[in-house]
Amino acid sequence: MKLRLTFTVNGEPAEALVDPDKTLLEVLREDLQLTGTKHGCELGECGACAVLVDGQPLLSCLVVSHECQGRSVVTVEGLTVDGRLHPLQECFADLGASQCGYCTPGILIAAKALLDREPHPTRDLIREALSGNLCRCTGYQQILDAVEAAIVRPGHASARDGRGGQS
Amino acid sequence: MRLPSYRYRAPKTVEDAASWLAESPGDTMLLAGGTDLIPNMKRRQQVPATVIGLRGIAALSRLDTREGTDIGAGVTLTTLVRDERIRSKYQGLWQSAAQIATPLLRNMGTIGGNICLDTRCTYYDQSFEWRQAINFCMKKDGETCWVATSSDRCLAVSSTDAAPALMALGATVRLVSALGTRDLALGGLYANDGMSYLTRRPDEILTTVHLPEPAGWRSTYWKLRRRGSFDFPVASVAAAARFDGDRIIEARIVLGAVASCPLDVPAAGTRLAGQVLTDDLIAAVADDAYALAKPMDNTDFELVWRKKTVRSLVASALRELRGDDMREARVRLARHPLLVVS
């Protein structure tokens with residue numbers, strides 16, 4: 001029997017009739033066509049599938065669909081507001097922090113969660129906050145540089161969960 | 001990799017959870033953060049017919065520091081490491097929790113889940129197809145322990161970081177079932193068997209971890225892993241001691257990841273009682289721990305070397321308890337400072 005899932009996705013109410021054995025990652029990608037969130041290791045080791053759930057970055061490959069009922073999910077698609085990129089996205093683009101791009105959505109989500117809690121993190125703290133996100137292309141330097149650049153970039157856009165926005 | 005089919009139930013109270021678990025304890029499993037169970041289900045290592053999701057039970061998420069400290073089993077590792085009372089009163093627990101996995105996983109994983117963490121092994125933590133190719137192992141679907149083929153028991157390694165730290169601090173745990181409640185010392189929850197590593201009955205739910213007031217106690221946790229940022233332990237040491245000035249009144253040392261359960265080192269407690277921590281005493285206690293550690297070839301790194309590292313981890317732990325500045329040594333071991341986003 002299908003599961004009727006009612007929750008909030010990127011600030012808007014969402015409803016889907018899903019296979020109850022699916023993870024949140026599979027629901028987002030297959031039932032809601034939000035393919036920005038990536039399928040990586042599927043075992044909680046790579047961070048590619050990170051999304052915000054009630055404001056906290058979680059690994060959507062480990063969240064069962066039953067436990068999403070009534071919760072608020074923000075995916076990488078939700079970082080853009082009215083067609084304008086989030087400062088983190090701008091900095092990633094400007095500084096070449098994305099190469100193949102597969103890890104980027106998860107890293108953007110983890111970085112946004114960090115800046116929401118700590119608007120002026122040190123480089124060590126950024127490194128710690130992103131320690132669960134693996135990148136096999138860039139070697140991390142540009143990624144760390146881009147998050148640092150976003151700290152001081154004016155006009156920090158808010159994600160649509162109403163929690164974002166600083167500096 | 002898809003999850004197998006399962007029935008999901010979400011109780012609101014511990015009582016409901018216990019009575020639903022009692023209906024069919026043999027093929028029901030408890031889901032808290034999901035960071036251990038969900039990957040295991042995907043790899044078909046654990047295939048419960050029913051999953052009882054505990055996240056809706058508010059009582060399991062309480063953290064109460066009024067008399068000693070009661071940590072609900074559902075308290076996330078992030079909540080724990082962000083709690084200033086935990087950090088200041090139980091440094092060893094804080095250090096252990098801060099070194100579990102990554103911030104993303106700590107947002108999900110719970111203290112109860114880490115205590116009950118499935119034992120791990122090179123021959124077990126693999127996809128179904130990989131395990132099928134070696135005709136499986138004793139722990140799941142097979143008969144042979146590939147770590148030591150003559151072994152009559154599973155040699156999978158205990159990989160919990162929190163349990164050694166909690167045991168060193170004298171933790172007790174509460175188990176609740178439809179038949180009643182029992183409290184036991186955390187060490188009593190474990191057995192040195194990779195398959196039956198918990199003495200928890202299948203119908204019992206771990207609900208609370210209790211820590212006594214830490215007056216006079218200092219504690220620490222040292223962990224060796226491949227990647228300093230993100231890995232299960234391959235050897236670890238938790239040490240706690242109650243001091244009167246420079247003199248130790250009582251002490252406990254517990255080793256992690258060198259057996260199928262956290263390993264108490266009773267000789268260390270005996271040797272340390274009433275003593276001042278000299279370099280010679282530290283070396284003798286490190287030898288006690290070294291003699292007891294029995295790592296097997298079931299995880300990362302070479303096992304003889306892993307055993308040797310126990311000696312230096314114990315020495316580092318005791319030096320930190322003595323008050324030596326060990327920050328540089330920690331950075332050398334982990335290759336980055338130990339910090340968390342508060």
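Reader: How many helices and strands does the secondary structure of chain A come to?
Author: Five helices and five strands. Keep in mind that this is a predicted model.

Reader: Okay. What pattern does chain A follow along the sequence?
Author: Chain A reads β-β-α-β-β-β-α-α-α-α.

Reader: And the strands, in what order do they form the sheet?
Author: The order is 2-1-5-3-4. The sheet of chain A is open, and its pairing is mixed.

Reader: Which strands stand at the edges?
Author: Strand 2 (12–18) and strand 4 (56–59) of chain A. Each has a single partner strand, so one side of each is left without a neighbour in the sheet. From one strand to the next, the twist averages 40°.

Reader: How many bridges join strand 1 to strand 2 in chain A?
Author: Seven. Strand 1 covers residues 3–9, and the two strands run antiparallel. Take A:R4: its bridge partner in strand 2 of chain A is A:L17.

Reader: What lies across strand 3 and strand 4 of chain A?
Author: Helix 3 of chain A. This helix runs at about 40° to strand 3 (50–53) of chain A.

Reader: New topic. How many residues does the largest nonpolar core have?
Author: The core has 156 residues. Those with the most contacts inside it include A:A110, B:L166 and B:I253. Helix 3 of chain A, residues 104–117, gives the most to this core, with eight residues.

Reader: What is B:I253 in contact with, leaving aside its neighbours within four places in sequence?
Author: Its contacts include B:A168, B:V237, B:A239 and B:V314.

Reader: Back to chain A. What radius of gyration does it have?
Author: 15 Å. A compact globule of 167 residues would be near 15 Å, so chain A agrees with that. Its C-alpha atoms fill a box of roughly 50 × 30 × 25 Å along the principal axes.

Reader: What percentage of chain A do buried residues make up?
Author: Buried residues make up 49% of its 167 residues.

Reader: Last one. How many residues of chain B are in contact with chain A?
Author: 27 residues of chain B, in contact with 28 residues of chain A. Helix 6 (103–108) of chain B supplies at least two residues of that side, and so does helix 2 (37–42) of chain B. The largest share, five residues, comes from helix 6 of chain B.

Reader: And by class?
Author: The side of chain B that touches chain A has 16 nonpolar, eight polar and three charged residues.

Terms used. Residues numbered from 1 in each chain as written. Chains lettered and ligands numbered in written order. Predicted model: local features only at pLDDT ≥ 70, side-chain atom pairs only at ≥ 80, totals over all residues. Contact = placed C-beta atoms within 7 Å. Helix = DSSP H or I, 4+ residues; strand = E, 2+ residues; numbered from the N terminus. Nonpolar A, V, L, I, M, F, W, Y, C, P; charged D, E, K, R; others polar. Rg over C-alpha atoms; globule rule 2.2 N^0.38 Å. Buried ≥ 20, exposed ≤ 12 C-beta atoms within 10 Å, placed from the backbone. Core = buried A, V, L, I, M, F, W, Y, C linked by C-beta atoms within 7 Å. Pairing = 2+ DSSP bridges. Axes fitted to C-alpha atoms, helices over the stretch in contact; angles between N-to-C directions.
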